[in-house]
Amino acid sequence: MGEVVLRLKDATYRHYVHAPSTFKPWRRILGQGIFSANLELKKGSILGLVGPNGAGKTTLLRMMAGILPLQDGSARSSLGESVSTLTDTELRQKVGHMPEQVRWQGKKTVRNALMEIAEMRASSESRVDGLLKLVGLQSRVDSRLSELSQGMRQRLTLAAALLGSPKILLLDEPLNGLDPVAAAAFVLLLRKLTEKGVSIVISSHQVEGLVEIIDRLALMHRGQILAEGTMDEVAQQLNLNKKTEISGIGTAPDMNTFIEDEESVKIEQFSEHWQVLLEKSRIGLLQEMVNAGIEITSWIERPPNVIEMLCAATGQSVEDVGLEVTSTSVMPLRTFRGEEE
Amino acid sequence: MSDFSRIMAFTRRFRNERLFSTRMYIMLPILVLFLPGMAWGFSDPNIVLPGGHQPANAMEVLFYASLGVVFGATMCAVLLSYDSVSRERASGVLELRLSQPMPRSHQAIAMIFGSWQAILIPTWFLMLISILLVRYRMGDWPSSADAFVYFISTAFILLWYVLFTVLASSYTREQGTAISFGVGLWFLFTFLWALVTTMVAYASGVSIGQENDATWVMLEGGLDLLSPNGVYHHLLETRLPQIDRGIAVWQSWGMALIWTVLPTWLFIRRMERILP
């Protein structure tokens, strides 16, 4: 898993946005986008892209797919000792891209729609049939696109992304619209693909469910990659420790006797049992509590989850943000002013 | 699969999607009325046109019947291709296509050919029927050169309207805007161009609408080179020696080339840069 199939170095892309002025109604300025993204994708690995709405996940995926040209920086791949810079066309040959929510429509049949994409990738008819079977659409090959449900459309888009046996698979919100069984089968499929050496990047809001299969995680906010690495590495970068969840029967113990820092302890008392959450544990605590006669039923050390990591990285908190998309928060990101085209 | 065969395969899919679409079934009766219908009417041996003129041969009838192409077929070209890019863009299919290794310029060429062939095939078929109708009613065949110019110039004008429309479709994110642009352009060149000609004539001090005034005829002929419909008629007039509007044959074909190359280049360039 050491071979780097794609390395983004200072990759930058900023969208042009309209900023009309009195004398220049056509004026456009450089707006939000991706700023100097550095990312490595290793062979057979799964990278999860996580960030709030508008973080730039889709833009980054489009850059990796060769749809948006890099305005600065480079995309490279290395095979053994040799490192080569990839053009947009080379990227498109390597990459299978599954955009978010393709709304297939019209009188075309499922098979014809996939054949159209297959012809653009020089894939064979047998490959098309095989993929339709793989994504569970073999019974709908002659159905019209307009007759497909959202989940079926997602499956068709996935089949399109898998055409041409790509080395890199980019998935933008792939679980949208999939029923739970299909979602589980999808995760299984991803595993099989990585075993075959396919590298996968997933951008998903439902990444919490995918944590078990993700090898690496990249946290994004305002067009920047804030932290990247394995779950443990990211937690370490963000100074997040494992939390300890202790449960017991009866009345909750007075934790001040065991822990000095009161703020790092959260106690919840239920009718017949209690639960304590410790931000920081210490060696020997379990022994001390048992010696004190406290009846403990479970002791779990829980690593920080993705939401906690994201909040730590962006400076946001679930309570503060709510559903607001353009939270300003305290994130000390670079501010940018519009620059004229 | 070679690049050429890939473009052709993509063209075929694009063409068939439009050729067998519901809107084609709606437009087909209109095309039948406009093309063979006009040929039938103008080839009536007893017809007397305004000014007491009577068509003398088959090519002259086809020239008059070309009004059906200008009014009907071009509108159908607009209606068939207005969503070539915008619909795919709105649905997300364009993003999927743009992420394929097939060069965008090849995709653009296939889109043009596909949309063009979708309107060209029924139009040419109906034009063939028109020629048979003229032969039946007048007893005269157009010469092979006449027929060649008739078919090729019709192919040109349909291509121009397809190009304008797909170009508009690539710039708009919603189909309503794309169709408005296409229909607007069709109105400009089909109905409003006479107004433009009149205004230029007025500004130049040329007496307006005097068919016997050489200055007016020359001015109108010159301005017609700036309109696709005008160029179409100039091309047809190359086979009608009795009509002289001061435009040389090479000028007509030269402008036809410019009207073809310029929007094609613009569309390919646009597709190279388009964002999903």
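Which residues of α1(A) are buried?

**View 1. Helix α1 of chain A, tucked inside the predicted model.** The buried ones are Lys57(A), Thr59(A), Leu60(A), Leu61(A), Arg62(A), Met63(A) and Met64(A). That makes 7 of the 8 residues of this helix (residues 57–64), so α1(A) is largely enclosed by the rest of the structure. "Buried" here means that 20 or more other C-beta atoms, placed from the backbone, lie within 10 Å of the residue's own. After the helix comes Gly66(A), with a positive phi near 80 degrees. Helices (H or I, at least four residues) and strands (E, at least two) are DSSP runs, numbered from the N terminus.

A word on the bookkeeping: residues are numbered from 1 along each chain as its sequence is written, and chains are lettered from A and ligands numbered from 1 in the order in which they are written. Since this is a predicted model, local features need pLDDT of at least 70 and side-chain atom pairs count only at pLDDT 80 or more, while totals for chains, interfaces and linings use all residues.

**View 2. An open four-stranded sheet in chain A.** The strands run in the order β12-β13-β11-β14, with antiparallel pairing (strands pair if DSSP finds at least two bridges between them). At the edges stand β12 (265–269) and β14 (296–302), each with a single partner strand, so one side of each has no neighbour in the sheet. From one strand to the next, the twist averages 15 degrees (axes are lines fitted to C-alpha atoms, and angles run from 0 to 180 degrees between N-to-C directions). Zoom in on β11(A), residues 243–249, and you find 6 bridges to β14(A). Here Thr244(A) sits opposite Glu301(A) of β14(A).

**View 3. Helices α7 and α8 crossing in chain B.** The axes of α7(B) (residues 104–138) and α8(B) (residues 144–171) come within 9 Å and cross at roughly 145 degrees; for helices, the axis is fitted over the stretch in contact. The contact includes Trp116(B) and Trp124(B) from α7(B), with Tyr150(B) and Phe151(B) among the residues of α8(B). Contact means C-beta atoms, placed from the backbone, within 7 Å. By class, the contact of α7(B) with α8(B) has 17 nonpolar residues, 3 polar and no charged. Ala, Val, Leu, Ile, Met, Phe, Trp, Tyr, Cys and Pro count as nonpolar, Asp, Glu, Lys and Arg as charged, and the others, Gly among them, as polar.

**View 4. Where chain A touches chain B.** Here 24 residues of chain A are in contact with 19 residues of chain B. On the chain A side, α2 (88–94), β6 (95–98), α3 (110–121) and α5 (150–162) each supply at least two residues. The largest share comes from α3(A), with 5 residues. This side of chain A is made up of 11 nonpolar, 7 polar and 6 charged residues.

View 5. Of the 276 residues of chain B, 45% count as buried.

Definitions and conventions:
Two residues are in contact if their C-beta atoms, placed from the backbone, lie within 7 Å. A residue is buried if 20 or more other C-beta atoms lie within 10 Å of its own, exposed if 12 or fewer, and partly exposed in between; C-beta atoms are placed from the backbone.
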